[in-house]
Amino acid sequence: MNRTPRSLNRFLLGLLGLVLIGIGGGLLWISIDGGAARRWQSFAPGVMDRLQEVGEQTALPGQPQSWIWALLALAMVVAIVLLILWAAAQGRGRTGTLVSEYDDDGAPGRVAISGAMAEQALRSALQEDPDVAAAAVSTYDVHGSSALRIRINPRPGAAPHLIAADATALVEALDVALGRETPVLISIDSGRKLRFSREDRVR
């Protein structure tokens, strides 16, 4: 329900994984293969000499430093800004308002109900169920309207369909109290050891 850029995350993590695998594989190859180690020892000094020559050829007028260092510093600043933007893009979609409507009957004004009210009420009611080990409720903005996401972690041996029915009944009671129907995603997860038994229900 949130707007986390999953495709971008997978691409970046995959790219980082390939880079780390390449570096680790190269270091491992050099450490176990004597021929590769000798080739690297003969190759590395030439690379360092070439880099030094490039630095001397690109030195700024009257300065010993190369303009390449300034370019690298600028690239680092751009990379930091992109990382900040990437971090800010994680987990978007949460909202703090469950209902916000304008009422012109009587005294005109806008009526807003905090999502924390519904979250606390549903979480407390769910945790009173002896079959529920833990519950989390969050409010999200989905295409301009508020929706609830209920994540339930049942105890071992509990029947997921009975827990889902109880959660649905609690949501229906909340709808009656609010006077409107709220879109809800109910996610029942038995934990990391039993991921295959996960069940989702959308209303």
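This is a predicted model: local features need pLDDT of at least 70, side-chain atom pairs count only at pLDDT 80 or more; totals for chains, interfaces and linings use all residues.
Local features require pLDDT of at least 70 and side-chain atom pairs pLDDT 80 or more, whereas totals for chains, interfaces and linings use all residues. Residues are numbered from 1 along each chain as its sequence is written, and side-chain values use heavy atoms, with hydrogens and water left out.

The protein contains five helices and six strands. Both are DSSP runs numbered from the N terminus, helices (H or I) having at least four residues and strands (E) at least two. Their order along the sequence is α-α-α-β-β-α-β-β-α-β-β. Of the 203 residues, 24% are buried. Buried means under 20% relative accessible area, exposed means over 50%, and partly exposed lies in between (1.4 Å probe, protein chains only). The protein exposes about 13,900 Å², of which carbon and sulfur atoms supply 63%. These areas come from the Shrake-Rupley method with a 1.4 Å probe. Among contacts with a separation of 6 or more, 48% join residues 24 or more positions apart. Contact means heavy atoms within 4.5 Å.

Helix H4 (residues 115-127) packs with helix H5 (residues 160-178) at an angle of about 145°. Their axes are 11 Å apart. Axes are lines fitted to C-alpha atoms over the stretch in contact, and angles run from 0 to 180 degrees between N-to-C directions. H4 contributes Met 117, Ala 118, Leu 122, Ala 125 and Leu 126 to the contact. H5 contributes Ala 167, Leu 170, Val 171, Leu 174 and Leu 178. The contact of H4 with H5 comprises 10 nonpolar residues, no polar and no charged. Here Ala, Val, Leu, Ile, Met, Phe, Trp, Tyr, Cys and Pro count as nonpolar, Asp, Glu, Lys and Arg as charged, and the others, Gly among them, as polar.

Asp 166 also belongs to helix H5. Asp 166 is partly exposed, at 40% relative accessible area. Its C-alpha lies 9.8 Å from that of Ala 125, 41 residues away in sequence.

One salt bridge is found in the whole structure. The term denotes a side-chain nitrogen of Lys or Arg within 4 Å of a carboxyl oxygen of Asp or Glu. Arg 50 pairs in this way with Glu 53, their closest N and O atoms being 3.4 Å apart. Side chains of opposite charge can pair when their charged atoms come close. Arg 50 and Glu 53 are three residues apart in helix H2 (residues 34-57), so about one helical turn separates them. Both are partly exposed, Arg 50 at 47% relative accessible area and Glu 53 at 39%.

Ser 138 lies in strand E3 (residues 132-142). Ser 138 is buried, at 15% relative accessibility. Beyond neighbours within four places in sequence, Ser 138 contacts Arg 94, Glu 119, Ala 147, Leu 148 and Arg 149. Ser 138 and Ala 118 are 20 residues apart in sequence, with a C-alpha to C-alpha distance of 8.9 Å.
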